[in-house]
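Please take a walk through the structure shown below, moving from its overall division to single residues and the pairs they form.

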Amino acid sequence: MVAGRYSPPWFSVAPMMECTDNHYRTLARLISKHAWLYTEMLAAETIVYQKDNLDRFLAFSPDQHPIVLQIGGNNLDNIAKAIELANPYGYDEINLNCGCPSPKVAGHGCFGVRLMLDPKFVGEAMSVIASKTDAPVSVKCRIGVDDHDSYNELCDFIYKVSSLSPTKHFVIHSRKALLNGISPAENRTIPPLKYEYFYALMRDFPDLRFTINGGINTVDEANAALRLGAHGVMMGRAAYQNPWRTLGHVDTAIYGAPSSGITRRQVLEQYQVYGDSVLGRYGNKPNIRDVVKPLLHLFYTDPGNGPWKRKADAAFQHCKTIKSFFEETLVAIPDYVLDAPVAEPPSGREDLFANTLSLMPPPYEDREQKVVLEA
């Protein structure tokens, strides 16, 4: 649980519901040894209510370190109990979700990004989390919510949370969230990116650590963000939808490690051992489809990808093991694809951070003033 045992969190894979489960994280770790991995968001209430079934939600293999547990919730007692229950699993950091715009979370659930409107509660929650664990703590948030989207309001949130708690690390999705009228997917594209807010936070809070998130789709773009000063970069959908060509370059391009030369055939041989060991561990779950799901993007844009997916659809109906699934489906992928090391990384957008520093808002004026916190 000591972060110093691992590479710095220069690159991390974002927590994504129904994506970054144990199966995906196993695949990701086979491809990259240094990327920091996050769980899906787990509601504190789920952890508390499932206290007799925790392995299904919290267990992971030691190979997945460094790994961050992301939790969500708005009840301090349940948050405290959830952290106590999670402690034995040895996560390397605990992150509180203050950025999810899903109606189930920010609407009916009244947590996720809605918590940005109550920084005092977030500060209290982070203090509770820190008091229940020896792991570092962090917050993932947006740059604003609906009309509460000024740079000063964002700074007020950061200042109050960091003043009220030991939180020193913030993961900033550089878009605001719109809570009414658009879907979670649209919330990842419609609100404009404002990277200038992120870099202004780094200027105005030099004692804190900031990880940039949102709109970064290639390792080249991640390196551009780091060169501009970001302490870390978090990538979401691109790391899930094209894991081979994104995660396959993280260790060399970001961490400076020598190339492992690993091929997808070798990745799948190791994944097969994992997959067959977990099938049906919890009754009828996970099943073949669950375990194979993260592999469906492994051959993105490669020859044979379409036929392989069609064979996979048929194999889901009758295959009982991952071994038999691979024997039936991988004949669609040419040997030269299976046996090739990762190719050159896709190029990034050269203008992604154009004029970012010149667009930064004026310095946060209220930081040194006493912030009045309502009881």
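The paragraphs that follow go from the domains to the annotated positions, then to a helix face and to the salt bridges.

This is a predicted model, in which local features need pLDDT of at least 70 and side-chain atom pairs count only at pLDDT 80 or more, whereas totals for chains, interfaces and linings use all residues. Residues are numbered from 1 along each chain as its sequence is written, and side-chain values use heavy atoms, with hydrogens and water left out.

The protein chain is divided into domain 1 (11–259) and domain 2 (264–339), with bounds that come from an automatic or database domain assignment. The C-alpha centres of domain 1 and domain 2 lie 29 Å apart, and 16 residues of domain 1 are in contact with 19 residues of domain 2, where contact means heavy atoms within 4.5 Å.

Serine 12 is found in strand S1; helices (H or I, at least four residues) and strands (E, at least two) are DSSP runs, numbered from the N terminus. With a relative accessible area of 4%, serine 12 is buried, a term that means under 20% relative accessible area, while exposed means over 50% and partly exposed lies in between (1.4 Å probe, protein chains only). Not counting residues up to four places away in sequence, serine 12 touches Trp36, Tyr38, Thr211, Val233, Met234 and Met235.

The UniProt record, an unreviewed entry, places the feature "binding site" at several positions, among them Pro15, Met16, Met17, Gln70, Lys140, Gly236 and Arg237. UniProt positions are given in the numbering used here, feature names are shortened, and annotations may be inferred rather than shown by experiment. Two of these positions can be followed further.

Methionine 16 is found in the loop between strand S1 (11–13) and helix H1 (22–31), and it counts as buried because its relative accessibility is 3%. Beyond residues up to four places away in sequence, methionine 16 touches Thr39, Glu40, Gly236, Arg237 and Tyr240. Arginine 237, for its part, is found in helix H10 (residues 237–241) and counts as partly exposed at 29% relative accessibility. Leaving aside its neighbours within four places in sequence, arginine 237 is in contact with Met16, Cys19 and Arg188.

Helix H15 shows how burial can be arranged around a helix. The buried residues of helix H15 (residues 322–329) are Ile322, Phe325, Phe326 and Thr329. They cover an arc of only 95° around the axis, and therefore they lie on the same side of H15; the arc is that of the directions from the helix axis to the C-beta atoms. These buried residues of H15 pack against helix H12 (264–278), helix H13 (288–292) and helix H14 (305–315).

How many salt bridges does a search of the whole structure find? The search finds eleven, a salt bridge being a side-chain nitrogen of Lys or Arg within 4 Å of a carboxyl oxygen of Asp or Glu. One of them joins the side chains of lysine 132 and glutamate 84 (3.1 Å, N to O). This pair links distant parts of the chain, with lysine 132 in helix H6 (residues 119–132) and glutamate 84 in helix H4 (residues 76–86), 48 residues apart. Lysine 132 counts as partly exposed at 31% relative accessibility, and glutamate 84 counts as partly exposed at 40%.

A salt bridge is also formed by aspartate 149 with lysine 176, their closest N and O atoms being 2.9 Å apart. Aspartate 149 lies in the loop between strand S6 (137–141) and helix H7 (151–164) and lysine 176 in the loop between strand S7 (169–173) and helix H8 (195–204), so the pair ties together parts that are 27 residues apart in sequence. Aspartate 146 has its place in the loop between S6 and H7, and, not counting residues up to four places away in sequence, it touches Lys176, Ala177, Leu178 and Leu179.

Arginine 264 forms a salt bridge with aspartate 302, the closest N and O atoms being 2.6 Å apart. Because arginine 264 lies in helix H12 and aspartate 302 in the loop between H13 and H14, the pair ties together parts that are 38 residues apart in sequence. Arginine 264 is buried, with a relative accessible area of 4%, and aspartate 302 counts as buried at 11% relative accessibility. Salt bridges that share partners join Arg245, Arg264 and Asp302 into one network.
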